[in-house]
Amino acid sequence: MYSQHETKIFGKVLSEEEEEISDAYLYLKDKSTYTLTDFNGNYELKVKPGNYEVVVSFMGYDEVSKSISIAKGEQKEIIFTLNSISGNTLDDVYLNVKSKLTQVQESSFNVVAFNTESLHNSSLDISETLDKVSGVKVRRTGGTGSDYNVMLNGFTGKHVKFFIDGVPMEGFNAAFQLNNIPVNLAKRIEVYKGVVPISFGADALGGAINIVTSDGGKQNFIDASYSYGSFNTHKTYLNAAYTAKSGFTARLTAYQNYSDNNYKVDADIVDLENHQFTGDIRRVRRFHDRYKNYTFGGKIGFVNTKFADELLMGFTFSDVYDEIQNPAYMKIAFGEKYTTAQSFIPDLSYRKRNLFIDNLDFSITANYSLGNAKNIDDSYKRYNWLGEYILTDSPGEFNYSKNYFKDHNGSINTNLTYLLKEKHRFTLNNVLNSFWRKNKDDAEPKAEDKYPTETLKDIFAFAYQFTPNDKLSLTGFSKYYYNRVKRYADPNSTGEYQHLTKTTTDLGYGLATSYFIFDNLQLKTSYEKAFRVPSGRELFGSGNDFDLGNPDLKSESSDNFNFGITYSWKIAKKHHLNLDGSFIYRDIKDFIRMIPDPSNGVLKPGNEAKVENRGLDFGANYNYNQLFSVEANLTYQDMRNKLKYRSGKEVVSTIYNDRIPNLPFLYGNTNLSFYFKNVFEEKDNLTVGYDLQYIHKFDYSYESYGGVKIPTQIAHDIAVNYSFGKGKYNISIAARNLLDKNLYDNFSLQKPGRNFSVKFRYFLNQFN
Amino acid sequence: MIYRKTLNLSVILSLFLFASCSSDDDFEDGENSPKADEQYVIMTTDSENSYLLTAEDISEGSLSPSGNNSTQVIGTPSWYFAKDIAAYGFIYRQGDPGTTQSFALDENANLEARNEINLTVSIQSKGMVDDEIYVEFSSRNYEEPIATFYKINPITQAVEGPIVIDTDDMVENGEYAYITAITGYNDKVLVGFRTIKAGSDGGEETDDLFDSDFNDHTYIGVFNKDLELEKVIEDQGRTGIVAGQLRATAETGIEPVENGDIYVFSSALDAEDVPSGILKINPDNLEFEEDYFFNISEASGGYKLYRSYYVGNHNFVLRMFTEPNVSTATPDDTRNKFAVVNVENQTFSWVEDVPQDILSIGEPHVEKAENKVTFPIETGGYPTLYHIDVNTAKITPGMEIKAEEVTAIGKLSVQ
């Protein structure tokens, strides 16, 4: 029965109801050896012979420990049973609380690990889910599938980078994006607010968001759902995984989203005959905003075998069709403009702990995306918001175009970690990213399009983590950024095209520390000198004669300081309160700004802007005895223009020290949930949740000039979920924007009014 | 309120300074005095959006758009004054939020935003034909050789169009017409154009869609008001294409004067060996006059003109390229010199006292009654309205505007 070679403990972690607990954290007290239970609650921990205290912890449950003594070659089975503390199990409450695991692994970074499993009964996509995370604001332009912009500590757009299981999503086209990936695909969303761990290897000036779809290990489950909602919205989802005892695994993911997005908006009706707006504001239905996409993918490989902890090969195919109802302002309605995109993404991942020698962990993940997209605006019709149209002789509703894009994007992320004497962790990481794109515009052929744009980016990083004891962790790291952009371009619009190449290199570095003052009070602080390399478009222009390029651009840089505090308070047996707060400071230099030159009618990027941001995030949650929970978060940003003298000027800029316009600066969310257990049958659960979102009024333009404002907005959502058959069957009903308010994330772009959805979900969390 | 006080003070001061103001009948002192029926309108920006200010006197003092005393316009449109009737903000960059918005003075001489019009295209060329604005954009694709026009009535606000004309057979030289100027003349519409390859050469020699073998030609199409082409007049070898192209946009260059003569200004754009100069069209037969040519390159000592502004009595203010023998459509080649010319006597004078550190120049206003042209000019200090007097050929600073930039100035009257 015993093998003479391995000394280990193994077993299961169960709840008081004898449910297997996955992801429980199991460690040896005063050692840095730890492991996690797999999906079926199993664990295995190799140890050296000796006396230990084994501790098991899982959020929402009381910690359990057991002293053991183990001899050489002995293999000891221990079953742990955990008792839930204050009515707070993973299935019931959506938790923003960091598990001890995340605290240990990522302790020093300013990170929120947002567990999405409690949202798997909702019909949200990832971008809508992100909006619930403290400090994050997602600005959407409309309904299902609409454009979105994620704001993180005041940063938006190119400054926030996205990853899926650690692989950059930067080169992916519209077919596979956060606005169409259902929340069910994510097990967890990690939001790195300032310092980004080197394993992501990103030039993410403003932070990074990582979507974790799987924690590895043996998986056997089926998750299938269908939802129907207002505006003829249909969403279907299927995700299944099978893992044999041998470690062979096969996984399948398929989903589909469809919506007419025909919600009502207030719009000015143009008289098509004389092109005049009548000033007659009417409530009209959107009529050309259909969105449909589907994604299909699979993986096969092996897990937990001798040669690999994980070896997976797979692909993802996605397709999207998106009708464009209006441009970035609501005055105009389109009737025929649309975009489509397809992408095929093969991927490969390999992970092995203790490669060749103990404590040397290696991983490599790679993908290659082949994308096609088109953007068509060639109609001879002109529409108004009533859906009426006239025929004209001139093609193009907005900007006559028949644009076709082809892109190839490859990423390889390689990571090597060595743990020395349980206290010193050395990590080497390299992320190589290549991007190739070719455009073709049949409406107006452009010289730029004769040759493709190519970008090669490599980020090599080294980190050292020192963990002298359970309380303190110190990490120092350095990143080397290399970026090369090749383009056939005419950056100054002189008519002379050349093959241009620009290489940028930067060296970034940082420090992160965390310290547990008490077991339930943690302080964190971190600093990073972060960079963002200029894009091809910024360097060489966008190929028209008004968005010019600037080949002399430097990388943007920022000094990012973060301070965080987390406090977890067990008020009484059934009351539990968690508080966290963070302060961030960003000093951004050489910020790339498109500098408008209205008298010449051009925009030219420059390293002109200087911006400073101070921000505060607060989060709190309280749980009472598996019956009730409250969660709230609030963010305040003070992001200001610190460019005192524009280039060539001797007088102080009239917008110096103004708040950066068109960015929400005070916003928050609240969630209240009530849990009713054993409603009809044993283990039938009813959950009623209420969400409130608040965005404070903000300026569309520089405040010292006055001008229009985006008003304060409050949205109320309600969701009811009934779960039966031990969690296998779920029915959820949700009502969003309950008071039917006009909601805007962007100036004049109205989001959907009151809407409803119902979702049926079958979830079998283990077989085989 | 404070701003209005400052204004009135400056008006009083100007009365002392300019004794030529003969009558103070239409001027009353005091807080509640009605505004004059004529107002200067100054288009300022905070670098991203526009703010409109009005003033009765711009000869000195200072004005600031901050603090809610201005009218906000989203984006930074390109401004065009339809005489003194209305100011139009045309989209110059696709993707900018906004439709075309116009402003006029209401009966109390307050600036009034009128209903927008659904023109979201980048307007490249524009001109007044009687009391209508004709606006236009041309294709740069030989496979789709068209130019699209709209007619806008600034009083009723009605828009007619799109009216599409073919650009492949305006002249039989194998190239495609690209329109750079529109001017009304009696019952005709004179349309200045150049010809370009528009990609038809497959980019073999150069990848510039504007590449042409005919930059030493001057072409004008004579249209009726329904935009039906009647004839094309052409001059070859003396100067180049009708003046004023910046990037894809162009205006000015065909200039009728009081006696009916029409002068045609050319920058000799994209043609190093061709002099910049002025031609004349005979009003009787609408043909170029063979014996009139005013060689500006020669008169200026090697410089080329950019745009022309008619002040009256055959006197024009020219905005000139900064560097000798340079004339391109590229913003990087600056146009920071000014000259005063008399086309009848063929006299040329450089404007004196032009500021040295010019960062940008806005759309000017021509004040015929005062023989001057006012340019918003941005230097190291705040943008300032500079006045060029054609009698003295001198430029003097006037009102300072505390904004990031001033993109245009014009004058509106109560209609």
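**Strand pairing in chain A**

Author: Tyr25(A) stands opposite Leu36(A) in S3(A), and this, like everything that follows, is read from a predicted model.

Reader: How do you know that strand S2 of chain A and S3(A) pair?

Author: Two strands pair if at least two bridges are found between them, and strand S2, residues 25–28 of chain A, has 3 bridges with S3(A), in the antiparallel sense, so by that cut-off the two count as paired.

Reader: What is the order of the strands in the open sheet, and why do S3 and S6 of chain A stand at the edges?

Author: The open sheet has 4 strands in the order S3-S2-S5-S6 (chain A), with antiparallel pairing. Strand S3 (34–36) and strand S6 (64–70) of chain A each have a single partner strand, so one side of each is left without a neighbour in the sheet. From one strand to the next, the twist averages 20 degrees.

Reader: How do you know that S41(A) is joined to strand S40 of chain A, and in which sense do they run?

Author: There are 7 bridges between strand S40 (residues 713–724) of chain A and S41(A), running antiparallel, and because at least two are needed, the pair qualifies.

Reader: What do S40(A) and S41(A) form, and which residue in the turn has a positive phi?

Author: They form a hairpin with 4 residues between the strands, and in the turn Gly725(A) has a positive phi of about 65 degrees.

Reader: Which residue in S44(A) does Ala734(A) stand opposite?

Author: Ala734(A) stands opposite Ser757(A), and 8 bridges join S41(A) to strand S44 (residues 755–764) of chain A, again antiparallel.

Note on methods
Residues are numbered from 1 along each chain as its sequence is written. Chains are lettered from A and ligands numbered from 1 in the order in which they are written. This is a predicted model: local features need pLDDT of at least 70, side-chain atom pairs count only at pLDDT 80 or more; totals for chains, interfaces and linings use all residues. Axes are lines fitted to C-alpha atoms, for helices over the stretch in contact, and angles run from 0 to 180 degrees between N-to-C directions.
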